[in-house]
Amino acid sequence: MKELPEEVLDIDQKILSYVHRGTDHQDSEEFNRLALRIFELQVKYIPIYRRYCEKRGIHPENISSWDQIPALPTDAFKVMELAMLPSGTVRTFMTSGTTKPEERGKVHYDGGGLRLMDATIYEAASCFLFPDNVKTTLLIIAPSPEIVPTMVMAYGMNRLIEYFGTSQSRFLIGKEGFDIKVLLDELRRSEAEGLPITICGGSFGFVNVFDYCREKGLRFKLPPGSRTLDAGGFKGKSREVKREEFVSDCEDFLGVAKDYCVNLLGMTEISSQFYDNTLRNAFKGINLPKAKINPPWTRTLVVDPDTLAPLPPGQTGLLRHFDLANRGHLLAIQSDDLGKITPEGFEIYGRTRDGDARGCSLTIDEMTQIRT
Amino acid sequence: MEIIEVDAYYLPADFRSQVNAFRTEVYQDEDITIHLKIPQISRPFVEALTDHLKKRRETYLASLPIGKIIDVLDEASRRWLEKDYPPRKLALKTIPAITHFSREVVEASIDVEMESSLREDIWRALCSEIKNPLFLDDFQYSPELGGYSRAFGPKLILSIFSENIPALPHLLFMRSVLLKAACLGKVAAGEPTFAPLYLKTIEEIDPEMAKSMAVLYWRGGEEEIEQAAFHQADAVIMFGGVEACESLRKKIPRGVKALLHGHKLGFGIIGRKGLGRQGLEELAARVAYDCSMFDQQACLAPHIYYVEAGGEVSPQAFCRTLAEAMERLNLKMPRGKISPGEASAIHQLRTKYELRELNNEEVLLLASPHGTDWTIVYEKDPGTFSPSPLNRFIRIYGVEDIFQILPSLKSIAPYLQNAAVAIGDHRERDFIRRLGELGLARITSPGKMPVPSMMWHHDGISPLASLLRWCDVEKKDREDGTEKK
């Protein structure tokens with residue numbers, strides 16, 4: 001690993017301090033200062049991004065606000081290396097969603113960038129998943145980072161174990177697939193010992209567990225304080241499950257209280273995570289509608305899908321995220337998720353590209369599916 | 001705010017009293033609200049209706065001379081071509097509001113569909129497929145047979161419409177009645193208003209014929225209704241996605257003929273001889289039309305135009321001329337509104353090309369000044385056929401030699417349907433032969449892709465002849481059953 005340049009170490013230090021101030025402040029001025037400085041560095045270090053901005057007449061010296069920073073769509077990572085310090089790369093995460101490796105987006109992290117991500121994982125989970133500051137056994141319905149080193153979720157879950165898990169915490173998907181027996185044993189043990197546990201994993205992994213319990217007539221009553229964290233949604237899956245159904249299944253089959261079922265929006269292209277506010281609100285006794293929350297080191301805008309111009313709060317459009325922890329690649333990311341800004345945070349309705357295209361078209365995936 | 005009530009169904013005049021419950025679906029567009037009236041239907045209802053249609057066919061349509069049928073269809077097309085025809089004016093409000101195609105696209109669509117559905121086209125289509133249309137009326141002498149032949153159509157054809165081409169459903173009604181078959185159409189939820197209006201036109205012209213025609217609205221997968229309809233029909237014609245067609249194929253009872261038109265891919269080819277400075281703008285206008293008509297949503301639309309290097313004009317220069325043509329056409333016939341997902345897919349893909357262009361790769365991105373109206377991307381043929389995200393997004397692939405594209409076409413051959421070919425030199429004939437061998441069903445010229453003639457062997461089959469049953473009489477001169485000694 002190469003030593004990072006002084007100016008990068010300097011900004012990283014500032015971002016780290018900002019992240020470690022936690023989630024209970026609204027220091028917008030500092031956010032703006034840091035965002036503009038990161039933008040300046042990214043323009044300096046990433047030539048292709050510089051050209052992209054120049055073509056739009058945007059230079060660090062002629063913008064004054066973070067929301068003017070040009071965002072690149074997520075697919076940009078499929079065609080370009082967009083790292084600030086490519087030679088300093090210590091870790092590369094890849095997007096999923098296609099069987100063809102050359103069509104997967106690659107996001108490179110230098111050592112500093114990875115430390116920023118770690119900090120956001122710690123701070124966000126402290127606030128939104130473990131506001132009660134407990135250590136529990138974390139059972140992860142996902143493969144471990146050793147098996148899938150390029151999967152950002154596995155990396156993040158591993159960090160959660162490190163920061164918040166007991167020594168019994170473990171990943172449940174091995175090389176041979178998901179061993180549900182191990183999970184069931186752990187659930188029984190938790191019930192017997194009265195020690196709360198935390199189950200984390202891909203949303204669809206949970207659905208498989210619920211389906212299994214339904215089929216076998218199994219129901220668990222996990223001790224109070226037990227919680228679930230699911231991420232990933234249902235993209236590309238044959239079955240969609242509504243959030244209400246998911247939460248009520250969590251309650252029915254696992255005995256986890258509704259407010260203790262937390263969903264997380266994580267993206268390979270974004271270092272930070274966006275949690276539901278349900279558990280934090282329940283813990284603090286706040287009665288507010290459910291929403292995804294922007295921790296102070298992030299911002300989210302909604303833009304018009306056709307013109308990409310920002311929309312006022314309350315209108316539905318594409319989500320555009322700004323993340324200080326993205327120092328190592330691109331601060332501003334244009335997602336293809338549909339959502340809207342609410343008074344509490346934002347709502348996400350899922351990926352726009354799933355299933356709303358009209359017309360006589362075929363995807364390559366469709367063609368290969370039919371042929372086989 | 002204008003409120004329009006419109007039917008998503010058509011029932012024969014003497015059957016309308018059978019429905020008494022309706023529900024309404026509301027579609028809201030900028031300044032129009034559509035109240036779509038949908039009858040509540042059940043399995044027994046569908047059975048009674050199909051029974052009725054078949055009886056009315058028996059007493060009228062089955063013995064109506066083909067010439068008279070063509071008169072009715074021709075007259076219907078002519079009425080729809082009149083700018084002031086009230087159902088046309090209504091369709092020009094309802095279809096854009098529901099499909100989000102622009103009014104101009106819908107208008108152009110009605111015009112091209114109806115212009116190719118006049119008397120002469122219909123006669124030619126019949127002659128091309130069954131030689132003598134009078135075979136449909138009675139036994140006719142067939143010199144090849146040395147006897148008499150007659151063609152019988154199905155009693156009832158069930159047609160399942162798609163929503164991607166406004167004004168297309170009339171084609172399936174035409175094909176049905178030309179075969180003297182009663183017809184039941186199922187409208188697509190995405191465009192349910194044209195078909196009922198068209199049948200009202202038939203009713204204006206020949207009320208008796210209209211009694212053997214109906215349109216219903218149900219959601220795909222409503223098993224009860226679907227099964228009833230399938231079991232009553234002798235033939236099913238369907239337009240739809242690959243998966244929808246596949247799942248339907250399994251449900252159609254054995255013995256029912258099925259013509260399933262799944263989604264297909266089109267492309268175009270311009271050889272170096274075709275790329276001269278003279279006529280460049282005209283060529284660009286034609287390609288722009290292929291890419292823009294129906295907002296590229298038809299199976300007929302091109303996903304890629306292959307352009308050969310080495311001509312007087314480079315492929316890149318052609319792209320620039322094409323960009324001007326796309327913009328001009330967009331002003332004249334604007335693209336419709338698209339969904340967030342469709343727009344997002346265009347932005348994502350544009351960025352991939354823009355970054356490669358900024359990276360000094362041999363790539364070009366030319367895009368509408370505003371929003372996602374149209375997009376042209378140029379690159380050297382990467383050797384794989386990548387479908388377009390549609391809505392006026394065309395890929396131009398540069399090739400050194402046009403024959404180099406054949407391997408990449410081969411890999412998706414089952415999905416290829418339609419190609420515009422303008423090679424312009426001695427290689428054209430050989431190239432077309434190769435495309436035919438690959439499985440293409442139609443080869444035309446740039447500018448003609450969206451408008452096949454009625455004579456086209458749709459998806460490679462004879463849409464009329466393949467539904468006929470023939471009866472041959474091997475008796476020569478005397479009709480009393482005795483052969484001449």
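Mentor: Let us begin with the interface, bearing in mind that this is a predicted model. The area buried between chain A and chain B is about 3,500 Å², and carbon and sulfur atoms give 60% of that area.

Trainee: How many residues of chain A are in contact with chain B?

Mentor: On the side of chain A there are 37 residues, in contact with 46 residues of chain B.

Trainee: How many salt bridges and polar contacts does the rule find across the interface of chain A and chain B?

Mentor: A salt bridge pairs a side-chain nitrogen of Lys or Arg with a carboxyl oxygen of Asp or Glu within 4 Å. Across this interface the rule finds 3 salt bridges, and 8 residue pairs are in polar contact, both residues being at pLDDT 80 or more. A salt bridge joins A:Arg56 and B:Glu354, whose closest N and O atoms are 2.7 Å apart.

Trainee: Which elements of chain A supply at least two residues each of the side that touches chain B?

Mentor: They are helix H3 (47-55), strand S1 (72-73), helix H4 (76-79), strand S13 (332-341) and helix H11 (364-371). H11(A) provides the largest share, 6 residues. By class, this side of chain A has 17 nonpolar, 8 polar and 12 charged residues.

Trainee: How do helix H2 and H3(A) of chain A pack, and at what angle?

Mentor: Angles of 65 to 115 degrees count as roughly perpendicular. Helix H2 (residues 28-45) of chain A packs on H3(A) at about 110°, with the axes 5 Å apart; the two helices are therefore roughly perpendicular to each other. H2(A) contributes A:Phe39, A:Gln42, A:Val43, A:Lys44 and A:Tyr45 to the contact, while H3(A) contributes A:Pro47, A:Tyr49, A:Arg50 and A:Cys53. By class, that contact has 6 nonpolar, 1 polar and 2 charged residues.

Trainee: Where does A:Arg243 lie, and with which side chain does its side chain make a polar contact?

Mentor: A:Arg243 lies in helix H9 (residues 243-254) of chain A. Its side chain makes a polar contact with that of A:Asp230, at 2.9 Å. Beyond its neighbours within four places in sequence, A:Arg243 is in contact with residues including A:Cys261, A:Asn263 and A:Lys290.

How values were computed:
Residues numbered from 1 in each chain as written. Chains lettered and ligands numbered in written order. Predicted model: local features only at pLDDT ≥ 70, side-chain atom pairs only at ≥ 80, totals over all residues. Heavy atoms only, no water. Contact = heavy atoms within 4.5 Å. Buried area = accessible area lost by both parts, 1.4 Å probe. Polar contact = N/O pair within 3.5 Å; in protein donor to acceptor, adjacent residues only side chain to side chain. Helix = DSSP H or I, 4+ residues; strand = E, 2+ residues; numbered from the N terminus. Nonpolar A, V, L, I, M, F, W, Y, C, P; charged D, E, K, R; others polar. Axes fitted to C-alpha atoms, helices over the stretch in contact; angles between N-to-C directions. Parallel < 35°, antiparallel > 145°, perpendicular 65-115°, else oblique.
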